[in-house]
Number of protein chains: 2
Amino acid sequence: MRQNPERRAALLDAAIEVLAREGSRGLTLRAVDKEAGVPTGTASNYFANRAQLLGQILRRTRERLVPDEGVLTGPLDTATLLRDLLARMRRERSVHIAMLELRLEGTRRPELQEELARFQGAELEANVAFHLESGLPGDRTGVVLLYLAMLGLIVDDLTVPELLAPYPVEGLMDAMVERLLPERPEGRPTP
Amino acid sequence: MRQNPERRAALLDAAIEVLAREGSRGLTLRAVDKEAGVPTGTASNYFANRAQLLGQILRRTRERLVPDEGVLTGPLDTATLLRDLLARMRRERSVHIAMLELRLEGTRRPELQEELARFQGAELEANVAFHLESGLPGDRTGVVLLYLAMLGLIVDDLTVPELLAPYPVEGLMDAMVERLLPERPEGRPTP
């Protein structure tokens with residue numbers, strides 16, 4: 001397998017565009033070559049097969065979704081983090097649509113579903129740990145609920161954006177934070 | 001176009017299975033005939049084209065997801081309604097996976113996305129109205145947030161069910177109701 005990291009990243013970005021535009025059934029190594037504008041056979045020098053390509057796309061989506069440097073430094077607050085998440089999502093629609101395609105393909109490929117579960121499980125746990133350690137208001141359950149509500153919001157904003165037109169998303173995000181991450185839910189100490 | 005309602009429903013159910021199993025690119029009138037076990041050409045007697053088929057699948061998904069008679073009578077509480085929603089989702093996985101496929105296909109077909117927006121928008125407004133009129137605790141914003149959190153939970157439960165293994169979903173649903181639908185959020189009267 002070839003190892004030029006820039007070339008590999010460019011091929012994975014091309015694969016993300018193919019997934020987003022054509023759906024998972026349109027994703028072939030040949031379609032990736034074509035999208036990347038490289039000679040036929042290039043992608044097969046980088047990925048042994050389609051399954052390996054899918055796994056590497058997963059990792060590439062995370063590289064593309066890392067928050068900007070400035071966001072995680074300085075005084076933190078959850079509402080600002082959510083606004084940043086939504087803005088990044090809207091700049092990187094293809095990445096999110098590709099992720100939904102991978103989730104659906106995972107319902108048909110148990111080995112992909114396992115990889116998704118490991119991958120997203122580690123990410124959710126890291127988010128929960130980050131939140132609790134940062135001293136932001138809210139407990140573990142609240143952070144998981146916030147993750148679910150933001151997943152729902154992102155799925156709607158990606159696929160049926162008109163649906164939330166009567167409910168400005170900034171207001172929804174502020175209400176999520178306020179209600180799901182109370183300073184001390186029901187008088188219990190934050191764990 | 002033929003009008004036998006049972007035959008039409010059977011063809012739409014076959015189309016839902018094809019969508020769930022093969023993804024939207026696998027959905028052809030011919031694949032629907034094959035899945036339904038009817039002679040080739042039958043589906044084309046019921047649906048002028050694939051776009052019309054997609055629109056009718058949307059409506060059929062709603063027929064399949066109507067709550068059981070008993071659920072909406074007698075004393076209501078939101079936590080019970082959510083448990084019923086989740087149980088129905090798990091019995092009708094194909095319907096929900098087909099809906100996600102339609103949402104993704106909508107990102108590539110503006111006329112389908114418009115139909116999804118009208119359809120799901122009407123459903124969300126009906127849910128909000130039902131909730132507010134029923135006298136259950138919670139305001140409009142809370143009901144919309146509950147819809148988003150349940151959408152996120154359903155997407156995860158369908159596509160990466162292992163992810164929520166550390167967080168029993170019944171507990172998550174109870175916490176959603178408790179936090180998102182307070183009796184009187186912040187002392188404001190429920191509208």
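Predicted model: local features only at pLDDT ≥ 70, side-chain atom pairs only at ≥ 80, totals over all residues.
**Exercise 1. Two helices in chain B**

Work out how helix 8 of chain B and helix 9 of chain B are oriented to each other, and which residues make their contact.

*Solution.* 
Step 1. Begin with the geometry: the axes of helix 8 (residues 140-159) and helix 9 (residues 169-180) of chain B come within 10 Å and cross at roughly 165 degrees.
Step 2. Angles over 145 degrees count as roughly antiparallel, so helix 8 of chain B and helix 9 of chain B are roughly antiparallel to each other.
Step 3. As for handedness, helix 8 of chain B passes helix 9 of chain B in a right-handed crossing.
Step 4. Now find the side of each helix that takes part. Helix 8 of chain B contributes residues including Gly142(B), Leu145(B) and Leu153(B), while those from helix 9 of chain B include Val169(B), Met173(B) and Leu180(B).

**Exercise 2. Where chain B meets chain A**

Describe the interface of chain B and chain A by its residues, its buried area and its salt bridges.

*Solution.* 
Step 1. Turn to area. The two chains bury about 4300 Å² between them, with 63% of it on carbon and sulfur atoms.
Step 2. Look at the chain B side, where Arg25(B), Tyr167(B) and Arg179(B) lose the most area to chain A, together 17% of what that side buries.
Step 3. Finish with charges: eight salt bridges are found across the interface. Asp139(B) forms a salt bridge with Arg179(A), and their closest N and O atoms are 2.9 Å apart.

Technical notes. Residues numbered from 1 in each chain as written. Chains lettered and ligands numbered in written order. Heavy atoms only, no water. Axes fitted to C-alpha atoms, helices over the stretch in contact; angles between N-to-C directions. Helix = DSSP H or I, 4+ residues; strand = E, 2+ residues; numbered from the N terminus. Parallel < 35°, antiparallel > 145°, perpendicular 65-115°, else oblique. Left-handed = near helix turned anticlockwise from the far one by under 90°. Contact = heavy atoms within 4.5 Å. Buried area = accessible area lost by both parts, 1.4 Å probe. Salt bridge = Lys/Arg side-chain N within 4 Å of Asp/Glu carboxyl O.
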